Amino acid sequence: MGNSATAVDATALKAEFPLLATPRPDGRPVHYLDSAATSQKPQAVLDAMDAYYRETNANVHRGVYEMAAEATDRFEAGRTAAARLVNHPREGLVLAKNATEAINLVAWAWGTRTLREGDEILVTGMEHHSDIVPWQIVATITGARVVFAPITPGGELDMDALHGLINPRTRLVGVVHSSNVLGTINPVADIVAMAHEVGALALVDATQSVPHMPVDAAAIDADFLVFTGHKLCGPTGIGCLAGRPAVLEGMEPFLGGGEMISDVTMDGSTFAEIPLKFEAGTPPIAEAVGLAAAVEFLEDIGLDRIRAHERELCVQMLAALDEVPGLTVLGPRDPDRRGAAFSWVMDDLHPHDIAQFLDSKNICVRAGHHCAKPLMRVLGTQATTRASAYLYTTEDDVLALRDALIECRRWFGVG
Amino acid sequence: MGGLDDLYQQLILDHYRNRRGRGRIENASASVHEHNPVCGDECYLDILVVDDRLVEVRSDGDGCSISQAAASMLTEVAEGKQLDEALDTVEHFRLMMHGETEPDEDVLGDAIALEGVAKYPVRVKCALLSWLALRDAIAGYRETTAHGG
């Protein structure tokens, strides 16, 4: 996939991101290596949201006046863009607050009403807390059980073990497409097929893949695929659930209120068609406008080219980190099997201290458990340091990181 | 790099590399196990109390330089103090971490070197972990003795 595509000119792209193009207060540039947490926003996204508020701000879906109709069009264009990005029918594209809320929507609207005692929800040992905790809550309510598929010492899913854990009691398999800690890219289409073999549903957490590579929801064939706007150059406050329309139609609502009804009487209510059935209350309108602009921005560059760029960065980053004494990178080393999130541990240096030192060089990385504590326990550590790249990351950023890590060891007196 | 030097004073790095009071106490009067939810770091704190005085304070666990140095300094400062005096010291340290008092070196000893941490809200928890563990340990000790334990 995408290896033949021409990589992007990341240095030129950086200029389109005001935050990255502007020096920090100390006059030096920022090396932003925390895009797995949230991406920076290009001028095009800022402009689109600004224009929405200045030109057509109105509530959506019921206004009779022209401006309200235009606001509705711009809002729905966000849904259309998100659906197009992952090749999914737009009636199956539910807009939520974030990917976490999208998973909670499935857990509550489907899980609490469907799961029974003895049922199993299978998730993997490299899930983000957002694909663990909702299922644990639902399991407590329903008597179902959350089962974890193990990972190998190399940071990949043990596919044989996973296959062995899928059985007729399995009702849902939840799997992350690309790990936010290890970078591992999982064979999600194969796992979805395994789930379907036993009649289970499949949920793919594509939060870390959709921003970085072409993702074809139709080919993956999951019943639910979630991702979020703010990691793909869009604003915070908007996430997406790409659900199989037939499954969504069979589900009861999640949150109740305005927007999501067909009729309301004192005796009860009937509900709107999908996807509005799952969108109670005034939706994130400006955020949907920003999401559309972000998707167009990515499409103009080309997701295959972004993937090719990050594949090159993988090679550069692994080589750079290998030059740092006492540093061990976690996860796969094959750039075809990993995304651009790199976690490592360093002998005698704590992630907090590393991140603090890097901050003094305007290098932004993350230190901690990355909302994946079960994975941390498997890895035998409490915390890692993580650098994560994106389309605007340059080799200069990678080398700045390498040099600072080497200096960091000296500064703390550990070599 | 002025900011970094303010945060990581030599005294802190010295306590980090040569940690004092590390370990556990067999037959401790009270033990506390704390963890920092931000990073998952863990801290064990044991105290031995005789005649209302901390005759021994030991801390164990892994963590960043700030948390390790803070624990090291704590054991030095707290050992030998009366319980109420130790609690006053912890409170003085806590206020310093929140920038709410002028720190007194006579009270805090080496721990005054952690004053710069107050400017880094995410790291304040690292510094406070073991100190608040001491507060909890004293409270736990008093509860058991009050109930005739």
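Asp84(B) lies in helix H4 of chain B. The structure is a predicted model. The predictor gives the complex an ipTM of 0.86 and a pTM of 0.93.

**Chain B: fold and confidence**

- Chain B has six helices and three strands.
- Along the sequence, these elements follow the pattern α-α-β-β-β-α-α-α-α.
- The C-alpha atoms of chain B fill a box of roughly 55 × 30 × 25 Å along the principal axes.
- A compact globule of 149 residues would have a radius of gyration near 15 Å, and chain B has 15 Å, so the two agree.
- Of the 149 residues in chain B, 41% count as buried.
- Consider the contacts in chain B with a separation of 6 or more: 63% of them join residues 24 or more positions apart.
- The mean pLDDT of chain B is 92, and 97% of the residues score at least 70.
- Within chain B, confidence is highest in helix H4 (residues 83–97), at a mean of 97. It is lowest in helix H1 (residues 2–7) of chain B, at 79.
- Asp84(B) and Asp46(B) are 38 residues apart along the chain, and their C-alpha atoms are separated by 17 Å.

**Chain A: two domains**

- Chain A is divided into domain 1 (10–32 + 302–411) and domain 2 (46–299).
- The C-alpha centres of these two domains of chain A lie 28 Å apart.
- Where they touch, 23 residues of domain 1 of chain A are in contact with 24 residues of domain 2 of chain A.
- On the domain 1 side of this contact, four elements of chain A give two or more residues: helix H12 (303–322), strand S12 (341–346), H14 and strand S15 (384–388).
- H12(A) gives the most to that side, with five residues.
- By type, the domain 1 side divides into 12 nonpolar, five polar and six charged residues.

**Nonpolar cores**

- The largest nonpolar core has 131 residues. Those with the most contacts inside it are Ala202(A), Val204(A), Leu225(A), Val226(A) and Val289(A).
- Helix H11 (residues 285–301) of chain A supplies the largest share of this core, 11 residues.
- Why does this core lie between domain 1 and domain 2 of chain A? Both domains give residues to it.
- Beyond its neighbours within four places in sequence, Val289(A) is in contact with Ala48(A), Met49(A), Tyr52(A), Arg74(A), Phe75(A) and Gly78(A).
- A second, separate core has 41 residues, including Ile66(B), Phe93(B), Leu129(B) and Leu134(B).
- In soluble globular proteins, nonpolar side chains tend to be buried together.

**Where chain A meets chain B**

- The contact takes 16 residues from chain A and 15 residues from chain B.
- On the chain A side, helix H13 (351–359), strand S14 (366–368) and helix H14 (373–379) each supply at least two residues.
- H13(A) provides the largest share of that side, five residues.
- The chain A side divides into six nonpolar, eight polar and two charged residues.

**Backbone exceptions**

- Most residues other than glycine have a negative phi, and most peptide bonds are trans.
- The peptide bond from Ile274(A) to Pro275(A) is cis, with omega near 0°.
- Pro275(A) is found in the loop between strand S10 (268–271) and H11 of chain A.
- Cys233(A) is not a glycine, yet it has a positive phi of about 80°. It lies in the loop between strand S7 (224–228) and strand S8 (239–243) of chain A.
- Is Cys233(A) buried or exposed? Cys233(A) is buried, because 29 other C-beta atoms lie within 10 Å and 20 or more count as buried.
- Asp51(B) is not a glycine either, and has a positive phi of about 55°. Its place is in the loop between strand S2 (42–50) and strand S3 (53–60) of chain B.
- Asp51(B) is exposed, with 7 other C-beta atoms within 10 Å.

Methods
Residues numbered from 1 in each chain as written. Chains lettered and ligands numbered in written order. Core = buried A, V, L, I, M, F, W, Y, C linked by C-beta atoms within 7 Å. Buried ≥ 20, exposed ≤ 12 C-beta atoms within 10 Å, placed from the backbone. Domains from an automatic or database assignment. Contact = placed C-beta atoms within 7 Å. Nonpolar A, V, L, I, M, F, W, Y, C, P; charged D, E, K, R; others polar. Rg over C-alpha atoms; globule rule 2.2 N^0.38 Å. pLDDT = per-residue confidence, 0-100.
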